[in-house]
Amino acid sequence: MLRCCTVCCGVQDSASARQKSFLLTSWCYPETAIQMDRAPKRLEPWKIAVIVVSVIVGLALIIGLVAFLLCHDQDQYYDASFLITNAQYDPQYERQTTEEFRHLSQEIETMISAVFKGSFLSKRYIRSHVVSLSPDPGGVLASVVLVFKFASTDSKATSWGHVNRVLRERLKTSSTVLSIDLSTLRLTELNKEKGNNLLNNCCGIRRQASSFAGVERIVGGQRARDGEWPWQASIQLDGIHRCGASVISNTWLVTAAHCFRGRRNPRRWTASFGILLRPPKQKKFVRRIIIHENYSDFVFDHDYDVAVVELASAIEFTSDVHSVCLPEASHVFPNNASCFVTGWGALENDGYSVNHLRQAEVKIISTAICNRRQVYGGAITPGMLCAGYLEGQVDACQGDSGGPLVHANSRGIWYLVGIVSWGDECGKRNKPGVYTRVTYYRNWINSKTGI
């Protein structure tokens, strides 16, 4: 057909051929004839409207994205150091977990919070955290990390200037319990990585944004969010979740001894971190498992249910994965204190573990109450602690063993109170959870880990 069309089109020099050109073209290229026979169509109004709206929306999205990138608030970190002249250095300040360190640090953080919340930077100020208290001939030298949110368009020099000026002026005029030598005040800008590292290497800190919806159970309860319980670990036998554990340093975990009953070969164990079992934030091999010498696999009296696990390589501390604070051996957690227990345990008795970390709020129950005949009938020893509710419903369950029971002090720093150990089923009336009391085994933990 194409060859025939070429021949036909070749006779167009003759007058008759010119008269028939439309017919020939129609035969050779029918689509051309159709187009010639049609008048051009105008777009319908609704189509024009759709195009215009699409263009406007596209431009708005582009402008919004550019504005977000230019004006989005970003965390900025500073290190403030200054000399406190009316405080005498105490050797207990060497350890951040002591009551002495907590008391002075809380006074410093309260003072700094008042300084900025009473200024034009109140909406920019996020938090302050004392990272060290050092000896000085004139008193105590404090180093404090300050966190602010400034727009990315703000000059760093201007932001630093605002923070420095407010800190100096308001410390000079405000009446505080602490006496600060302003000539020693130094404010240094930190990049985000260094600021985060300083905070993440302090035990017991977690992300600020957090809320609790009252009493929730792990059994079918509330899911945890990223960074909410950064010390939570999963220890896994041949790749399968077996127990929870708590991060106490970048190479050591603490957990329950019964998790390793009959399975103590470290080569079969791994540890993972983050709120999901799969995929985890980080995963590590286990180098060593140390179980309390007095724990027995064959005597089921639940005493000495504590073990520490050394990792083959160090955890990379981030805002999502870092350590909880260990209390001093002398620390007393009061009865009825609010605590949280976390884990990937079953949603019901004899159920299966879940993939997403859950949390439950529980209260410490006195040993006297827990040893009542209708509760545990004298089975609670000094190395154990009860937490939960006598009415039941809220509890840890199978798969939560070894995991943390934690409590926040007045600075908002979280301490390890207990290790999930045992109980009569899950959430039964008069059968609260029983935990290994960490303060009772604090010296043992230190003897094995140096922490």
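## Disulfides, a helix face and a surface patch

Cys259 has a relative accessible area of 1% and is therefore buried, a word used here for under 20% relative accessible area, with exposed meaning over 50% and partly exposed the range in between (1.4 Å probe, protein chains only). The model is predicted, so that local features need pLDDT of at least 70 and side-chain atom pairs count only at pLDDT 80 or more, while totals for chains, interfaces and linings use all residues. Residues are numbered from 1 along each chain as its sequence is written, and side-chain values use heavy atoms, with hydrogens and water left out.

**Disulfides**

A disulfide is a covalent bond between the sulfur atoms of two cysteines. When a disulfide is taken as a pair of cysteine sulfur atoms within 2.5 Å, the count comes to four, and with bonded cysteines counted along the chain the pattern is 1-4, 2-3, 5-6, 7-8.

One of these links joins Cys203 to Cys325 at an S to S distance of 1.9 Å, and it is right-handed, with 90 degrees about the S-S bond. Cys203 sits in the loop between helix H8 (192-200) and strand E5 (222-223), and Cys325 in the loop between strand E11 (307-311) and strand E12 (338-343), so this pair ties together parts that are 122 residues apart in sequence. Helices (H or I, at least four residues) and strands (E, at least two) are DSSP runs, numbered from the N terminus. Cys203 and Cys325 are both buried.

Cys259 is the partner of Cys243, at an S to S distance of 2.1 Å, and because the torsion about the S-S bond is about -100 degrees, the disulfide of Cys243 and Cys259 is left-handed. Cys243 belongs to strand E7 (residues 240-247), whereas Cys259 lies in the loop between strand E8 (252-255) and strand E9 (269-273), so the two parts tied together are 16 residues apart in sequence.

Cys397 is joined to Cys426, S to S 2.0 Å, in a disulfide that is right-handed because its torsion about the S-S bond is about 85 degrees. Here the pair ties together parts that are 29 residues apart in sequence, since Cys397 lies in the loop between strand E14 (384-388) and strand E15 (404-408) and Cys426 in the loop between strand E16 (414-422) and strand E17 (433-437).

The sulfur of Cys202 has its closest cysteine sulfur in Cys203, but the 7.4 Å between them is too far for a bond. The table lists relative accessible areas for several cysteines.

| Cysteine | Relative accessible area | Class |
|---|---|---|
| Cys202 | 3% | buried |
| Cys243 | 3% | buried |
| Cys339 | 0% | buried |
| Cys397 | 5% | buried |
| Cys426 | 17% | buried |

**Helix H7**

Helix H7 (residues 156-173) has 18 residues and reaches 26 Å from its first C-alpha to its last, close to the expected 26 Å, which is 1.5 Å times one less than the number of residues. Its buried residues are Ser159, Val163, Asn164, Val166, Leu167 and Leu171. Because these residues cover an arc of only 165 degrees around the axis, they are on the same side of H7; the arc is that of the directions from the helix axis to the C-beta atoms. On the other side of H7, Ala157, Lys172 and Thr173 are exposed.

**Surface patch**

Ile51, Val55, Leu59 and Ile62 make a nonpolar surface patch of about 380 Å², where the area comes from the Shrake-Rupley method with a 1.4 Å probe and, for residues, only the protein chains shown count as cover. Patches are made of residues with over 30% relative accessible area and no salt bridge, with like charges joined within 9 Å and nonpolar side chains (Val, Leu, Ile, Met, Phe, Trp, Tyr) within 5 Å; a salt bridge is a side-chain nitrogen of Lys or Arg within 4 Å of a carboxyl oxygen of Asp or Glu. Ile51 is in helix H5 (residues 45-71) and is partly exposed, with a relative accessible area of 48%.
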